[in-house]
Amino acid sequence: MPATKKVALVTGASSGIGAATARRLARDPGTELVLVARRGEVLAEMAASLPVPTTWLAADLTRPEAPDLVRAHVEQHHDRLDLLVNNAGAAWRGTFGETGWANVHRHMELNFDAVLRLTEALLPLLRRSAPSAIVNVASTAGRVSRANSGAYSASKFALVGWTDALHLEEAPHGVHVGMVLPGFIPTEGFPQAELHGKPLTRLILGTPEQVAEAIHEVGPGGKAERYVPRKYGIAASLRILAPSLTRRVLGGGSAKALTPAAGERND
Ligand SMILES: NC(=O)c1ccc[n+]([C@@H]2O[C@H](COP(=O)([O-])OP(=O)(O)OC[C@H]3O[C@@H](n4cnc5c(N)ncnc54)[C@H](OP(=O)(O)O)[C@@H]3O)[C@@H](O)[C@H]2O)c1
């Protein structure tokens, strides 16, 4: 008997964690994929390379019209939605003193507002297809803030707080809501060049494929949250249990190893 059709939509599928997630989900029998990002030509290539029915939509998710465009695309080409992976995101480094509210706003637009607006547009479809799931790709930076990335952390802290509430609100509707909190994962937008360059700090890096596996555990697998690599959960716990120690570590030598120069785009 053919496997039941399951439609999964991945935002930010043109590179890094999103691309690895699309490849991971494509291994499940009966999967149909919808890929969303701005670079249509990259999505077209990815779609052609995947072994399951895949459509794609080039959209800037910060644009006002994007949520309606995505919903119309899913309704027209797939008629249901079983999994939404809110993964598209970015970081622009800089202290608040240097980059101000404008940088916070820029992060909130993409990493928070765009996620909520897309989720709002797709929630009716997800409820109609229940049991279904939403996975929000947050960050360990949504639990622990570092110098030079306060704007990024603010957007991910907001995402984490909202995800916890949505988890409780949507359970009665059959929509499982979970999140993945990656640590340092070298990708196109987050090269982690400085950490990669040193044998010791290289040990703390994860891979997009590990994050994709965690997204699979949270979405189809029904877990509520996963740190990737798992040991990053220790940093999040220490922030609550030993705040002074955490501040000392982040303000001292090890922070310098984890803090690239201001002005770098993502890291
Ligand atoms: N890598 C890490 O160390 C790390 C750690 C913690 C959390 N994360 C989170 O993981 C997620 C994926 O990041 P990644 O590491 O895979 O980075 P990445 O390789 O730079 O991928 C980011 C994706 O988001 C898409 N995107 C960016 N702006 C967009 C927009 N305005 N509209 C639509 N799509 C947009 C990009 O595609 P286009 O350029 O084609 O639009 C790309 O596909 C992000 O939410 C990030 O915050 C990453």
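**From the core to the ligand**

Modeller: If neighbours within four places in sequence are left aside, Val-211 is in contact with Ile-17, Ala-20, Val-180, Pro-182, Ile-185, Gly-206 and Val-228, where contact means that two C-beta atoms, placed from the backbone, lie within 7 Å. This is a predicted model, in which local features need pLDDT of at least 70 and side-chain atom pairs count only at pLDDT 80 or more, while totals for chains, interfaces and linings use all residues. Residues are numbered from 1 along each chain as its sequence is written.

Val-211 is also among the residues with the most contacts inside the largest nonpolar core, which has 62 residues; such a core is a set of buried Ala, Val, Leu, Ile, Met, Phe, Trp, Tyr and Cys residues joined through C-beta atoms within 7 Å. Helix α4, residues 96-128, gives the most to this core, with 6 residues, a helix being a DSSP run of H or I with at least four residues and a strand a run of E with at least two, numbered from the N terminus.

Turning to the ligand, 29 residues lie around it, and Gly-16 and Gly-189 are among those that come nearest, a residue being near if its C-beta atom, placed from the backbone, lies within 6 Å. Although Gly-189 and Gly-16 are 173 residues apart in sequence, their C-alpha atoms are 7.8 Å apart in space.

Key:
Buried ≥ 20, exposed ≤ 12 C-beta atoms within 10 Å, placed from the backbone.
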